[in-house]
Amino acid sequence: MDNYKDIKEFLEPRRDIKASDELRKKVQKAIERDRRHRITRKWLFGGISLSAVAAVLLLVLIPSGMSAKEILTEAIKALGNTESIEMVVDIRTLPIENFRYIDIDNDFVTHHVDIAYSDSLLRWRIDKGERIAIGNGNDIHTWIPSLNLGWHIKATDNEDILGYLANLLTPRQILENELDNCLNNSKADYNVQKKGKDIILTVHADSQGNFDNPYLLNTSITESENLRKYVIDADSKRLKSATVSVILGNREIVVLKVSSIDYGSLTKDICQLADGIKFVETEDRPNGLKGLSAEEAASTILNAFADWDNNILDKVILPEVSDVMYRDRFKGSKLISIGRSFTSGAGNSFFVPYTLLLRDGTLQSHNITLQKTDSYGWIVVGGL
């Protein structure tokens, strides 16, 4: 077991070591799954398979009655006493785009991330200039200052809105999240090293989703082959830095880097909403267009732009959104062509190619993004 010395020192469980029955069953299933697929994972410790290494580590390191999350949280407990964190994260993206979006051809956009823990409640704020989001542990507000328009999202996971950035909101849980992925994601390779006073965790993951049509490939960290690297102080167990690279053939393109982390105490109210913003309740989704194919729905919607037919448009886009974001640009436009719908990536969206002739005589060609509501009506969620 000398090969595991660094990791054992890193985790240092304080209790008698004995795996729970539930954990043993979970590990056994992971081993059996690994054997069935015959996937060899090359770890720091040689040619041992990923699940086998996870099994050894967990069986050796997990005290009786404790879950993997509990032991890893205890192992990096030093961050549990941190009242707040201020972080600067640079991401290749667009300032006004959603927080999940990346573009390997874009410049870096600076994100200011403020995190505060109080009474076991996580509060956070992310500001990338042209888009801001805050979370108070219950719901999320996100808005675009230049449009005075925002969205209020109730009872949702941070990851649904922030994508990979959600991991950085709880740096003390990065290792537990990654170890959970280690057991449940057979498409990722994990490497743990100790260099001097640093513990370095490297994760190599394949893109997630269906890319028969590559439209969404490399537009988010999840939807790309990526290399995630975390540098953690071996003494304090604090995250020191992190980078994420997208892998294209033999190239590694850095798309995210944590430029600075300040562990201290915030004095400002990071969850204060901006004045003058009209917040749309996302629970009030339109009913959608029913009984149509994706192509028929797209054609109906885009043709409604000509005279801005609210009888149609209000069924697929909230009026507060369409009036601010789309009306000036698209009213009076003419639909030139519609293509065949396709899917791409890990989501549940359908994309329909289109070409519009705008009022000023220019052509816009893009893919309108449609989703079905719970009542099976088509609504617009992007692509305009």
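Predicted model: local features only at pLDDT ≥ 70, side-chain atom pairs only at ≥ 80, totals over all residues.
**Entry 1**

I began with the strand order. Twelve strands make up an open sheet with mixed pairing. Read across, the order is S7-S8-S9-S10-S11-S1-S2-S3-S4-S5-S6-S12. From one strand to the next, the twist averages 15 degrees.

**Entry 2**

Strand S8 covers residues 198-205 and strand S9 covers residues 226-233. The two run antiparallel and are joined by eight bridges. Ala205 has Asn226 of S9 opposite.

**Entry 3: Glu281**

Next I went to strand S12, where Glu281 has its place. I looked up what Glu281 touches, leaving aside neighbours within four places in sequence, and found His152, Lys154 and Leu318. With His152 there is a polar contact between the two side chains, at 2.8 Å. I also checked Ile153: its C-alpha atom is 6.7 Å from that of Glu281, although the two residues are 128 apart along the chain.

**Entry 4: salt bridges**

How many salt bridges does a search of the whole structure find? I have three in my list.

Lys154 and Glu283 form one of them, with 4.0 Å from N to O. Lys154 belongs to strand S6 (residues 149-154), while Glu283 is in the loop between S12 and helix H8 (294-303), so this pair ties together parts 129 residues apart in sequence. Lys154 is partly exposed at 41% relative accessibility, whereas Glu283 is exposed at 54%.

Another joins the side chains of Asp198 and Lys240, at 2.8 Å from N to O. I placed Asp198 in strand S8 and Lys240 in strand S10 (residues 239-248); the pair links distant parts of the chain, 42 residues apart. For Lys240 I noted a relative accessible area of 42%, which is partly exposed.

I also recorded the salt bridge of Arg327 with Asp323, whose closest N and O atoms are 4.0 Å apart. Arg327 is partly exposed at 28% relative accessible area, and Asp323 counts as partly exposed at 39%.

Note on methods
Residues numbered from 1 in each chain as written. Heavy atoms only, no water. Pairing = 2+ DSSP bridges. Helix = DSSP H or I, 4+ residues; strand = E, 2+ residues; numbered from the N terminus. Axes fitted to C-alpha atoms, helices over the stretch in contact; angles between N-to-C directions. Contact = heavy atoms within 4.5 Å. Polar contact = N/O pair within 3.5 Å; in protein donor to acceptor, adjacent residues only side chain to side chain. Buried < 20%, exposed > 50% of the residue type's maximum accessible area, 1.4 Å probe, protein only.
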